[in-house]
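I open my notebook on a new structure today. I will write down each thing I look up, one entry at a time.

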Amino acid sequence: MIRAVIFDMYETLITHYESPLYFGSQMAADAGIPESGFRPLWHASENDRAIGKASLEEILTRILQKNHCYSEELLMKIVNKRMEAKKECFRHLHPEILSMLSRLKEQKIRIGLISNCFSEEASVIRNSSLFPYFDAACLSYEQGVQKPDAEIFERCMASLAVKPEECLYVGDGGSDELEAARDLGMTAVQAVWYLRKGSGQPCGVKQGFPHFDSPREVPEYLWKSRERTLYVTDLDGTLMRDDKSISGTTAAIINKLIDQGMLITYATARSKKSASVITRDIHFKIPVITLNGTIFVDPQTNEEIETVAFTREELHILRQCQKGLDVPGYVSAFINGKDRKSYRKGKVNPGFQHYLEEHADDKRLRMVQTEEELYDGKVCCFTYIAEQEELLPLYQRVKDNEKWICIFQKDKYRSEYWLEICPKNAAKDNAVRRLQRQYNCQRLVVFGDSLNDISMFRIADEAYAVENAVEELKAIATKVIGDNNSDSVACWLGHEM
């Protein structure tokens, strides 16, 4: 959990480029010195000025004397103009800076500052309107060390009493600060709200780091990450209505929540294609779970990310279990990299025939002549469709084997039962756990209606059964919400946000 935010100062909390600049060129002009006589000496002193070995007055005195134009009056003129330019930066803050810092305080987040700065900047920073917000400030001029040296980061964390993994570092990226923070174990994010192309700023947008486009995104990020939640819903009978559709109201609510940063996905027994058609109006961003946890799919490309398959040994045992039985169904597998659903020619019953007719345009369906062909490729799942009494003998043979997972339940829309056999690691609970770890979510909230949702209900922090759910699921639910025809899941999620 993030307990502290450490900021850079220049081009992060304030910027030089919204007010008149007073750098080496301008100082040389006021001194009446050619830039060639000023800039080399000025830049050569940068490290000493940054770590407290020389003050502004000391360096300017040397430069003016070197150029034979030193006077106390001229020295103070340049020093005062330099100080005023630094103060002016604080009068041109991004309009969200102060409200951002206030919100962090309200969230009980500790605020740190690490700034590579010179003597005049250290003085102005300590007397600025921003300084009271900092619980710790490590200014390089005072510390004797500067970014990207790990020492200055470690000193700031020690003052804040936090560990690297408890810190968010926000900076524009100069001085390799983001890389240093990341290497120490902090979460490093680039602040780009002040960055302008062609401005002469020292750092542009960096690849490989997330960005904050505005200051308000900092407390928003922390609000989401302090208890990062993964929301997982079933489809049929839960998010979907009885007519096998998702309402426009549900789609609109969930799309808005996803755009606001909610991590929402689904876990379904449906195949990738079937699920993608049903959910086409919802713009899911994180991987979705299909075939009861067998296949992870990128919803934006509709490509498989990860599949769980049977071993050859497991397939051999399953074939032995089916000997003497003649139950129709199909085998889901990847054959030569393509998703296929293989079934035996002529091996049908009314329920499976209805399935084939309903999915007649499914190009994944593959009719084969022999039993051997059913086991081609990378086999992920077996699905059998029949009346309950026809399926029971096969279910009795396979249900207690620890090498796979069996789901035996009635069709939501017809009288037949379905028996699905998936690899041991392919249950919804295992798939959801992998997503939870991948997205570093501390809290898991799930929604469902059927027996195949039980496994993910058991691992969830909160589990909500829809009103039309089976009694076994309601018995272990945190709460029962409205039914699947009333946008109940979407409304619950909207209330949560």
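**Entry: asparagine 440.** I looked for asparagine 440 and found it in the loop between helix 18 (428–438) and strand 18 (443–448). The model is a predicted one. I then checked the backbone: phi of asparagine 440 is near 50°, a positive value in a residue other than glycine. I noted this since most residues other than glycine have a negative phi. Is asparagine 440 buried or exposed? Its relative accessibility is 53%, and exposed means over 50%, so asparagine 440 counts as exposed.

**Entry: serine 175.** Next I turned to serine 175, in the loop between strand 4 (167–171) and helix 10 (177–184). Serine 175 is not a glycine, yet its phi is positive, about 60°. I looked up its relative accessibility and got 39%, so I wrote down partly exposed.

**Entry: a cis bond.** I recalled that most peptide bonds are trans. The bond joining lysine 147 and proline 148 is cis, with an omega of about 10°. I placed proline 148 in the loop between helix 8 (140–143) and helix 9 (150–160).

**Entry: helix 1.** Which residues of helix 1 (24–31) are buried? I listed Gly24, Met27, Ala28 and Ala31. I looked down the axis of helix 1: the buried residues fall within an arc of 100°, so they line one face of the helix. Just after helix 1, I found glycine 32 with a positive phi of about 70°.

**Entry: serine 271.** I found serine 271 in the loop between strand 8 (263–266) and helix 14 (272–278). Its relative accessible area is 8%, and buried means under 20%, so serine 271 is buried. Leaving out residues up to four places away in sequence, I saw that serine 271 touches Thr290, Leu291, Lys341 and Arg364. A polar atom of its side chain lies 3.3 Å from the backbone nitrogen of serine 274.

**Entry: the largest pocket.** I looked up the volume of the largest pocket: about 1100 Å³. It is lined by 45 residues, and the closest to its centre are Asp236, Arg270, Asp411, Tyr413 and Trp418. Among the elements that give two or more residues to the lining are helix 12 (235–239), helix 14 and strand 17 (417–423). How do the lining residues divide into nonpolar, polar and charged? I wrote down 14 nonpolar, 12 polar and 19 charged.

How values were computed:
Residues are numbered from 1 along each chain as its sequence is written. This is a predicted model: local features need pLDDT of at least 70, side-chain atom pairs count only at pLDDT 80 or more; totals for chains, interfaces and linings use all residues. Side-chain values use heavy atoms; hydrogens and water are left out. Helices (H or I, at least four residues) and strands (E, at least two) are DSSP runs, numbered from the N terminus. Buried means under 20% relative accessible area, exposed over 50%, partly exposed in between (1.4 Å probe, protein chains only). A polar contact is a pair of N or O atoms within 3.5 Å; within protein, one must be able to donate a hydrogen and the other to accept it, and residues adjacent in sequence count only if both atoms are side-chain atoms. Contact means heavy atoms within 4.5 Å. On a 1 Å grid over the protein atoms alone, a cavity is a set of points where a 1.4 Å probe fits but cannot get out, and a pocket is an open set with protein on both sides within 12 Å along at least five of seven lines; lining residues have an atom within 4 Å of a point. Grid points are joined across faces, edges and corners, and a volume is the space filled by probe spheres set on the points. Ala, Val, Leu, Ile, Met, Phe, Trp, Tyr, Cys and Pro count as nonpolar, Asp, Glu, Lys and Arg as charged, and the others, Gly among them, as polar. The arc is that of the directions from the helix axis to the C-beta atoms.
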